[in-house]
Amino acid sequence: MAEQTLREWLLTDTPTSRRHAKLSALYQGWLSFRSNTMAMIGLGILVALVLIAVAAPILSPHDPFVQDLGNRLLPLGTEGHVFGTDSLGRDILSRLIYGARITLYIVALVALIAPVVGLLVGTVSGYAGGWIDVVLMRITDIFLAFPRLVLALAFVAALGAGIENAVLAISLTAWPPYARIARAETLTIRSSDYIAAIRLQGAGALRIITRHIWPLCISSLIVRVTLDMAGIILAAAGLGFLGLGAQPPSPEWGAMISEGRRFILDHWWVATMPGLAIFTVSLAFNLLGDGLRDVLDPKAGE
Amino acid sequence: MDKLLDIENLWVRFPTRQGVFDAVRGVSFSLGRERLGIVGESGSGKSMTGRAILRLIRPPGIVEADHINLGGVDLLKKTDKQMRAVRGQRISMVMQDPKFSLNPVTTIGDQIMEAYRLHNKVSKSGAYAKAVEMLNAVSIRDADRVMRAYPHEMSGGMGQRIMIAMMLIPNPEILIADEPTSALDVSVQRQVLDIMDALVKERGMGLIFISHDLNLVADFCDRVLIMYAGRIVEVCAADKLHEAQHPYTRGLLNSLPRLDAPRARLEVLRRDPAWSETPSVSGRV
Amino acid sequence: MALTDNKGEGRASLPPWIKTTLLTIGSIAVTMLGLLFITFIIGRVMPIDPVLAIVGERASQSTYDAVFLELGLDKPLIVQFLYYLWDVLHLDFGTSLLNARPVSEDIARVFPATLELATLGIIIGILLGVPLGVVAAVRKGSWIDQIARVLALVGYSMPIFWLGLMGLLIFYGILGWVGGPGRVGIFYVDVVPSVTGLILVDALLDGNWDVFKDAFSHIILPASLLGYFSLAYISRMTRSFMLEQLSAEYVTTARVKGMSEWDVVWKHAFKNIRVQLITVIALSYANLLEGSVLTEIIFSWPGIGSYITTALLSADMNAVLGGTVVVGLIFILLNIFSDLLYRVFDPRAR
C-alpha cells in the first residue's frame, strides 16, 4: 500500500481509523459539492468578500471617511473614483470595500448567537420533554408569531440604534427556527437504541446532549444558517436603511442606500452600487446554502 | 386463441449520469384471452413492461419496440390523444397499493364516475348508477355510502376492490394487474383475486398479472413469463411451472419452503452472470 | 404551524371536536399573552421615561409624581402588565406623543393603506406564482423551470427597499409609466369620500374613474414589488409540492384512466396541494405585511409600516408598541385562518 496516493487514501471503502473515516466522508462531501458549479460560484464570492474585508486598507483607493465637497456626486467611471462619489464627496468604491467588514461582522455575530441559542433551547426542550418542553416550545411559538422585522424594529427602538443592538435584535428574532430544528432532531435521536446504550453505560444527560446529540444536529443547522444568512444580511441592511443599524459615517451598505435615496432620480449610482453589493453577497450565501444542503442534508432538497 | 396484444422487441431505457440504463431489454410476448403471469424479482423490469404497454414511462425514460400491437394497431404509432382513448377504455391497470393509487382528497364516487365519463358521454346520474352497479360487482354492499367516502376511510381490501371497479368500469379488453395483492393482508388477498378473476373471465378479458410470488402465479395464471434483468428467461404453462428448466427459475423455486417437501436448509439463489447475457426468450404464441 | 400541534391530553368525556377547539383557543390565548408580554417588556426596557414624555422636561416634581402614580408605575411589574392587558383588551394603546391622538385611531386610519397594498401584492403573487410553480414542476428542467428558479433566487437575495428604489428610478423617473410616491397624485387627494379606506374601492364606489386610474398608477409599482417577493416564495413552494404529488401513484391512476395531462395536473395533483398552498399563501401574506414596512418608506405610502417607523424615529413608544401588537395579532389571525381552511379542504383533517 506504499504507493497509495492521498486521494486513494481519502476515497477508501475500508477506513482504518475513526479520523480516517471522518476525513474520507469530508472529502467525498467536498467532491460532490465541487461538482455543483453554482455553489462553487457562491463560495468564490464569499471567499473574495473575506479577502476584500481583510485587505480593505490596501485595496481601497481612498479613505472611506474623508469628505471632499468639491468633488461630490461624481458619476461612475470618473478618474480616480470608479464608482463615483457620494453627496459628501467620499469615494463609493472605498466605502463599499470597508462596508464588507461591517457586513461580515454582522453576519458572523448573528451566526454565532442565534443558532447557539436555538440549539440550546431545542436540545434541552427535546431531551427533557414534559413541561420544560411545553414551556420552551410555547415561548418559541410566541417569537415565531411575531413578524420578524417589526419585532427587530421594536427591539432596536428599546435598546437604541447601533450596530451591536441591530445584531442583538436580529438574533432575538432568528433563533426560534433553529430551536424547532434542533428539537425535531433531538426527538428522533433521543429514542434511538444507541442513546439507550450510552445511557445504560452510565452517561448523564449533559454528556449525552453535548457529546451525542449536538454533533448530529450540527449539519442540518449549518445548512439552515447558510440559507438564512441572506435573510440576515437583508434584515441588517433594512435596519441600516431605516437608520437603526450602523450609524453615520459608518460605510454600512444599507445606510449608504438610504443616503443615496435622496438623489435617486439624478444621481442613481449612489444608491445603486451598495444595493448591488448587498445583492451579490446574499445571492452568494443562497447559492452556497443550496449547495451545502445537497451535500449535507440531501433529504431536504427538492 | 385470438391475440389481443402482441409485443415484439420491447426496450425501456433510462438515460442516467453513468450512461443509459436498460430496464427492459428486448422482450417479446403476446396475450390472448388468458391470464398471463409475469414473475421476477424487484428490478427485473416486470413493472416497467406493464407500464410501457400503456406508454406510461415518463421522459427522460424511452420506450422502443418493433411493435406493440393492440388488435393489429401499433400503440407506439398513436398520438398522445389517440393513446388516451386506449388507456382505461381498452387497456387498464390496477396498481399495488390502494392507499397511494387513489386520490386522497376526492370522493371514491367521483373517482369512479370520472373513469366512466372519460370514455362514455353520460349524465351524472347515469354514471352514478353505473358506478354503484360496478361497486356491487366487486362485492361492496353499501355502495351508496362508499360513493360518498374518501379513500382514507377504506381498508386495504376495500380499496383494492374499488380500484378494480374503477379500472373495469369503462369495460376494457385488457387489464394489467401490477402486484395487486402485495400490499394487502393475507386474509383478503384471495378474496380480491377471486373477484378480479371472476370479472375478467365473465367479460372475456386478457389479464397480465405481474407478481413476485411464484406460487400465487402458478396457482392463478394460465401461462407464465419469468423475467430476469430486463429479459424473459423462460416461458411455461402455469401448471408446469414446477417443472421449469431454467436455472434461475429452478433457483427461485428451490429457495421457497414447501410443506410437502420440508428441508432443513433452504437453498440460496446463486446468480450466473450468463443469465443476463443470453437473449430473451419469446413469449409470443 | 404553531396552532396545529396540540398534544395535550383532554378529558375523555369531551367529544373530540370540543377538545380540539378548546386546545386551539387555549394555545391562541397563550400565544397572544406572550406577544403582549414581550411588547410590554420592550416598553419597560425603553430608555425613555414615560412620565417625562407626558409631562415634559419643565414640569414640577409634584406633577411628575402625580403622573407617575396615575400610570401605575409604583405598582409591581405584574400589576402593571395586567393594567396593560386591560387597556389592550379595550383597544387602548395609549396616546401618540407626536400628535396627542389615541394610537388606536391612528392605526385604524393608516391600516387600510397597508391592507390595500399587501392584498394587491398577494393577488399578483398568487396569480403569477402558482401557475409558474405548477408549470416548473410539470416541465421540470425545462427553460421555464430555469427561469422560475432564477426569479426565486434573485427574489430571495434582493433587498426589497433597493429594488423599490430602482423601480422608482426606472418606471417613474426614466420611463414615466407609473405614478410616483404616495397613494394618489396631489390633485386627487381626498377627492372621493373615504368609505372603506381602500382608495381603489372607494373610487369605484364613487364611480370616479380618474381617481381610480391615478390611484392604480400609484399602487401598481409597490404592489408588483411585493407581488414579486411573494411570487419567489409561492412559486418555489408550489413547485416542490407539485413535484411530490406528480410522483404519487394516484397520478398514474389518473393517466391510466385516459385523462389528459392538463386534467391530471389540475384536477388531481393540484387538488392535493391546495391545503399546503393555503398555508404558504397565508404565510407570505403575513410576510407582505412585514415587507410593506420598507416598501412603504420608499414609496411614501401612508400605511402601518410608515407609521411604526416614523414613530420609532421620534421615540413615540406607544405608537411603536401599538403598531407591533396589531401586526402581531394579524399574524396570529392569519395562522388561525389557514388552520381553519385546512380542515375545510383536507378530508383527512376533519
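Trainee: What percentage of the 302 residues in chain A is buried?
Mentor: Start with the term. A residue is buried if 20 or more other C-beta atoms lie within 10 Å of its own, exposed if 12 or fewer, and partly exposed in between, with C-beta atoms placed from the backbone. For chain A, with its 302 residues, the buried share is 44%.

Trainee: What kind of model is this, and how are residues and chains labelled?
Mentor: Residues are numbered from 1 along each chain as its sequence is written, while chains are lettered from A and ligands numbered from 1 in the order in which they are written. Local features need pLDDT of at least 70, side-chain atom pairs count only at pLDDT 80 or more, and totals for chains, interfaces and linings use all residues, for this model is predicted.

Trainee: How many helices and strands are there in chain A?
Mentor: Helices (H or I, at least four residues) and strands (E, at least two) are DSSP runs, numbered from the N terminus. From that end, the elements of chain A read α-α-α-α-α-α-α-α-α-α-α-α. The C-alpha atoms fill a box of roughly 75 × 60 × 30 Å along the principal axes of chain A. The count for chain A is 12 helices and 0 strands.

Trainee: And how many helices and strands has chain C?
Mentor: Along the sequence, the pattern of chain C is α-α-α-α-α-α-α-α-α-α-α-α-α. The C-alpha trace of chain C spans about 85 × 70 × 40 Å along its principal axes. Of its 350 residues, 44% are buried. Chain C has 13 helices and 0 strands.

Trainee: Which chains share the most contacts?
Mentor: Two residues are in contact if their C-beta atoms, placed from the backbone, lie within 7 Å. No contact joins chain A and chain B; their closest C-alpha atoms lie 13 Å apart. That leaves 2 pairs of chains in contact, and the most contacts are shared by chains A and C.

Trainee: Which class supplies 26 residues to the side of chain A that touches chain C?
Mentor: This contact takes 38 residues from chain A and 41 from chain C. On the chain A side, the elements giving two or more residues are α6 (130–145), α7 (148–159), α10 (205–241) and α12 (269–296). Ala, Val, Leu, Ile, Met, Phe, Trp, Tyr, Cys and Pro count as nonpolar, Asp, Glu, Lys and Arg as charged, and the others, Gly among them, as polar. That side has 5 charged and 7 polar residues, and the 26 are nonpolar.

Trainee: Which helix gives the largest share of the side of chain C that touches chain B?
Mentor: Here 17 residues of chain C meet 23 residues of chain B. Two helices of chain C, α10 (249–256) and α11 (261–298), each supply at least two residues to the chain C side. By class, that side holds 5 nonpolar, 6 polar and 6 charged residues. The largest share, 6 residues, comes from α10(C).

Trainee: How far apart are the C-alpha centres of domain 1 and domain 2 of chain B?
Mentor: Domain bounds come from an automatic or database domain assignment. In chain B, domain 1 covers 1–90 + 174–238 + 273–285, and domain 2 covers 102–171. Their C-alpha centres are separated by 25 Å.

Trainee: Which helix of chain B gives the largest share of the side of domain 1 that touches domain 2?
Mentor: In chain B, 14 residues of domain 1 are in contact with 15 residues of domain 2. The domain 1 side divides into 9 nonpolar, 3 polar and 2 charged residues. Its largest share is 6 residues, from helix α8 (residues 186–202) of chain B.
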